[in-house]
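Here is a note for a first look at this model. Please keep the structure open while reading the points.

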Amino acid sequence: MNILCTPLYEQQLKVILDQFVEEDFAATKKFKLYLDTILINLPTKANKYKKAQLFDNEDIKEIPHEDFNILFFIDNISESYLILAILPKD
C-alpha cells in the first residue's frame, strides 16, 4: 500500500512546523520525526485508529499526535492511504 499526502496536509504541516521552529528547533525536529514514524508504520497499524469524528465514513480515520489529529483515508480501490489533513484537537 502506498502512502500519499494531499497538498492541504503538506501546507498545514508546513505552517505548524514553521510556528514550532520559532520556539524550539529540537522539539520541532522530534515532532516531525515521530510524525514520519507514525506515517511510515501506517500500513501495519491503520486498523488500530478510530473513525474520524468529522466524517461518517469508516475509511476515514484519525491519528492523535500531541495536540493534533491527522486524518487519513483508506483507499481500498487504489490500495493506498491518503493523508488528508492535520488539525488541532478541540
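1. Start with one facing pair. C5 stands opposite I83 in β4. The strands behind this pair are β1 (residues 2–5) and β4 (residues 80–88), parallel to each other and joined by four bridges. Two strands pair if DSSP finds at least two bridges between them. Helices (H or I, at least four residues) and strands (E, at least two) are DSSP runs, numbered from the N terminus.

2. On provenance: this is a predicted model, where local features need pLDDT of at least 70, side-chain atom pairs count only at pLDDT 80 or more, and totals for chains, interfaces and linings use all residues. Residues are numbered from 1 along each chain as its sequence is written, and side-chain values use heavy atoms, leaving out hydrogens and water.

3. β4 has another partner. Strand β3 (residues 68–75) pairs with β4 in the antiparallel sense, over eight bridges. Here L71 stands opposite A85 in β4. The two strands form a hairpin with four residues between them. In that turn, E79 has a positive phi of about 55°.

4. The largest nonpolar core has 19 residues. Such a core is a set of buried Ala, Val, Leu, Ile, Met, Phe, Trp, Tyr and Cys residues joined through side-chain atoms within 4.5 Å. Y9, F31, L35, L42, I63, F72 and I86 have the most contacts inside the core. At least two core residues come from each of α1 (7–23), α2 (25–40), β3 and β4.

5. Look at I86 in particular. Counting contacts as heavy atoms within 4.5 Å, and skipping residues up to four places away in sequence, I86 touches residues including Y9, L13, I16, F31, L35 and F68.

6. The rings deserve a check. Rings of Phe, Tyr and Trp (its six-membered ring) pair if their centres lie within 6.5 Å; planes under 30 degrees apart count as stacked, over 60 as edge-to-face and the rest as tilted. The count comes to five aromatic pairs. F31 and F68 are edge-to-face, at 5.8 Å centre to centre with 70° between the planes. F31 lies in helix α2 and F68 in strand β3, so this pair ties together parts that are 37 residues apart in sequence. F31 counts as buried at 1% relative accessibility (buried means under 20% relative accessible area, exposed over 50%, partly exposed in between, with a 1.4 Å probe and protein chains only). Ring pairs link F20, F31 and F68 into a cluster.
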